[in-house]
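This report goes through one structural model, from its chain contacts to its local backbone features. The sequence and structure come first.

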Amino acid sequence: MSSTAHQPAAPIQPYRTGLRPEIMGLIIFLVSELALFGAFFMYYANLRLLKAIDWPGGFHIPAEATSINTLVLVLSSFTCEFALLALYRRNKAGVFFGLLATFVLGTIFLGLQVYEYMTIGFTPQDGSIGAIFFSLTGLHGIHVFIGLVLLLLGMVRAVRGRWTRERHSGLLAISIYWHFVDIVWVVLFTVVYLLPSS
Amino acid sequence: MTAVLKPTLARCLWVAPAFAAIAILITVAARALVGMDPVLQESTLLTVAYIAGGIGFVVGIGGFDYWWTWMTGGELDPNDHSTHGAKSWRDYFKFNTDHKVIGIQYVVFTFIMFLVGGMFAMVFRSELARPAAQSLSPEQYNGLLSQHGVIMIFVFLVPVFAGIGNYVIPLMIGAADMAFPRLNALSFWLLPVAAFTLLTSFMFGSFDAGWTGYPTLSQQSGYGMTLYQLGVQLAGASSIATAVNFLVTIITMRAPGMTLFRMPLLVWANLATSALVVAATPFIAGAMFMAMFDREMGTHFFTIGGGGDTLVYQHIFWFYSHPAVYIMILPGFGIISEVIATHSRKPIFGYRAVAFSSAGIAILGFAVWAHHMFASGMQPWLRVPIMISTLLIAIPTGIKIFSWLGTLWGGVVRLTTANLFAVGFIFTFVIGGLSGVMVAVVPFDVSITNSYFIVAHFHYVLFGGSIMTVYAGFYHWYPKVTGRMYNELLGRWHFWITFVALNVTFFPMHYLGLLGMPRRVMDYDPQFAWMNTLISIAAFVLGASTLIFVYNMIHSARHGKLAGANPWAGLTLEWMLSSPPPTFNFPTTPRVIGGPYRYGEEGARHAIIPEAEPASVEKVGA
């Protein structure tokens, strides 16, 4: 299984789909992420809708406090988009500070979620509803954490001047991923926190 | 000395344990910091160590080197192809981004796993040869049985098709490589981690709840059960990454002129399979996560006492695992279409119908999961719709079989070993398909559920189906991969022994099942004794037949006669290249000018590779 001499790889021109391959790959990956969340949402729907199981011991789900947190995360989507806009306007500092603002907002969100975990009054071991509450929000929390790491790396690349108006698929990917995490949270917040007790 | 710092297996030896140790430290420290008992259970720490160690292995082999440099804004040379292509056998043990190298890595590794899984079957078949317990304890028996299923499905059948696709598909569509070569290598190197996780579960009390791992039974198993749940997730992550790669490759990297309906059918099959993998695999990850949390964190997803619901596990599990059946057979269908058209010198009969039937199977595959649960006590109203959808899925499958028969009919059939396996596949797969229609019918299924009839059915579709197509594919592309011909005589011996032994092994199981012999039990009624002895003997012959294959493949790679570029006179793009193909495949971008199966037409061509000219091709890709 030898190979012949090194030849310059003639780049094969892709079919024009309007999407860069890496962005298309990311979107397909997000479809599979959606399915992963879907598995947990299916379990949750079975519990809350079919079996009408409520929060353990009549606990009050902190919808008001978490709605503020939701606003924080939604706002971070806008700052993330600001970073991209700044790139298009060739505003290098804007890219960095847009990402930084997103990072800070994301960290606040994650911190408030951890605080909620510690004060909510039930644990993952409290029945199936406790298990699904912590695993749904926890699964999302891990995604936020991964997003924060990506944002941090995006900032490192911004400082080193690696994002250009012409080549920035990575930054675009980070922002799409961040929006995805945000949208999943809005859905999660609606069905977990706002669904009235039966 | 530098070997331990460069991306090699030697580096894995210290990076993986280091990652595991750091992860344990972080877990203990974090728990101590918030005032919880630092060690909840030892097994939880072991799980953490396995996860981090697995990531460490992939880091050690070099899976993240490039990305790390890229993400931290370091200097990268876009023309650095040092990890691309193999110059000696050592390169096959390294992180390599060439799809041809990865394809070989996949196929060899998964085939070794096939032999391991087969060995487990040999062991418990020797136990089953006589009634009552002889050599194995019930725990060992259950463990071997479960390992056999899991190894065969998750580290052989699912990834072996990714391996064949990896080698062949970029060649077939006229691309230089896959869309994401590094992701491709990463998804291969996750597989050894998955296999290691599954196989080392023997050390901690192996999982013994069957390959499905249903709770509540799985909650009573030893720690190996957690490793099963972890191993399945690792293998699943690997197959999702490959599927994303295949989809993007097939959508964006086809050579000019290769419209959707000029794609070879294997490409179609992989497109449908990859879509299935992307949409379905996360569900098994979800089920495994929940079951794992139950075991390792004391949650109550599926424990009855804690308000859990065991049936939901089965729903989520089969929502992946039924599409997984098609993940394990659709690429095989593609291979059979290639082999039969090429070796019968005829255009595929009903090309578009076959292409659409792949898509049809992929879509319908999501609507049939609950037929695994007819006897589980699920909602009764779900039974009849699922029965109907299950019967419907026989139609696109029937279309394919009709197409293969129509292609063979009146063709100049050359019974090479590849084609023998393809024709033999049609025979055995139809048996498996027909028993599949039988078990889809609710009353029949309820009466034979959990019996050997089911074992007979899925071994006919997985061995008589998938594995026959894998062999057909191996023999068909062997000259392309190695540049040498396999030994045709040994190939025929391999086929006939496999074919006869396979039928003698699995056909009597139908009868045993109808008589009521339950599956997954090591003891059985003495009246079944002679038939089980026969099955065991045939199973050993079946196991031995793989040795002929292994010998043939290894010996012919060195001593076979040279194959030349196109020993089968195939028309698809891979046969227009030398055997084995050059590192970057095509010297210039090929132009596709016609359908892929224009056999029998005078001077028909599928594609042309233009003479090299001063390229002024626009630079693409980041």
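## Contact between the chains

In this predicted model, 58 residues of chain B are in contact with 42 residues of chain A; two residues are in contact if their C-beta atoms, placed from the backbone, lie within 7 Å. Three helices of chain B, namely helix 8 (224-252), helix 9 (265-297) and helix 10 (310-327), each supply at least two residues of the side of chain B that touches chain A. Helices (H or I, at least four residues) and strands (E, at least two) are DSSP runs, numbered from the N terminus. Helix 9 of chain B gives the largest share of that side, 11 residues.

By class, the side of chain B that touches chain A holds 34 nonpolar, 19 polar and five charged residues. Here Ala, Val, Leu, Ile, Met, Phe, Trp, Tyr, Cys and Pro count as nonpolar, Asp, Glu, Lys and Arg as charged, and the others, Gly among them, as polar.

## Numbering and confidence

Residues are numbered from 1 along each chain as its sequence is written, and chains are lettered from A and ligands numbered from 1 in the order in which they are written. As the model is predicted, local features need pLDDT of at least 70 and side-chain atom pairs count only at pLDDT 80 or more, while totals for chains, interfaces and linings use all residues.

## Helix 1 of chain A

Helix 1 of chain A covers residues 21-50, which is 30 residues. At 1.5 Å a residue it should span 44 Å, and its end C-alpha atoms are 41 Å apart, which agrees. The expected span is 1.5 Å times one less than the number of residues. Just after this helix, Ala52(A) takes a positive phi of about 55 degrees.

## Two domains of chain B

Chain B is divided into domain 1 (1-67) and domain 2 (96-559), with bounds that come from an automatic or database domain assignment. The C-alpha centres of the two domains lie 32 Å apart.

Contact between them involves 13 residues of domain 1 of chain B and 13 residues of domain 2 of chain B. On the domain 1 side, helix 2 and helix 3 (65-71) of chain B each supply at least two residues. Helix 2 of chain B provides the largest share of that side, 10 residues. The domain 1 side has eight nonpolar, five polar and no charged residues.

## Helix 6 of chain B and its partners

The axes of helix 2 (residues 42-61) and helix 6 (residues 181-199) of chain B come within 10 Å and cross at roughly 140 degrees. Axes are lines fitted to C-alpha atoms, for helices over the stretch in contact, and angles run from 0 to 180 degrees between N-to-C directions. That angle makes helix 2 of chain B oblique to helix 6 of chain B; angles under 35 degrees count as roughly parallel, over 145 as roughly antiparallel, 65 to 115 as roughly perpendicular and the rest as oblique. Their crossing is right-handed. A crossing is left-handed if the near helix is turned anticlockwise from the far one by less than a right angle, and right-handed if clockwise. Residues of helix 2 of chain B in this contact include Tyr50(B), Gly54(B) and Phe57(B), and those of helix 6 of chain B include Leu186(B), Trp189(B) and Leu190(B). The contact is made up of eight nonpolar, two polar and no charged residues.

Helix 6 of chain B also packs with helix 8 of chain B, at about 165 degrees and with axes 8 Å apart. That makes the two roughly antiparallel, and the crossing is left-handed. Among the residues that meet are Leu186(B) and Leu190(B) in helix 6 of chain B and Leu230(B) and Gly231(B) in helix 8 of chain B. This contact has 14 nonpolar, seven polar and no charged residues.

## Helices 15 and 17 of chain B

Helix 15 (residues 417-440) and helix 17 (residues 452-482) of chain B pack at an angle of about 160 degrees, with axes 8 Å apart. That makes them roughly antiparallel. Their crossing is left-handed, and the contact has 15 nonpolar, 11 polar and no charged residues.

## Backbone features in loops of chain B

A cis peptide bond joins Pro215(B) and Thr216(B), with omega of about 5 degrees. Thr216(B) is in the loop between helix 6 and helix 7 (217-220) of chain B. The peptide bond from Ser579(B) to Pro580(B) is also cis, with omega near -10 degrees. Pro580(B) lies in the loop between helix 19 (529-559) and strand 1 (591-592) of chain B.

Arg345(B), a residue other than glycine, has a positive phi near 55 degrees. Arg345(B) sits in the loop between helix 11 (330-344) and helix 12 (351-364) of chain B.
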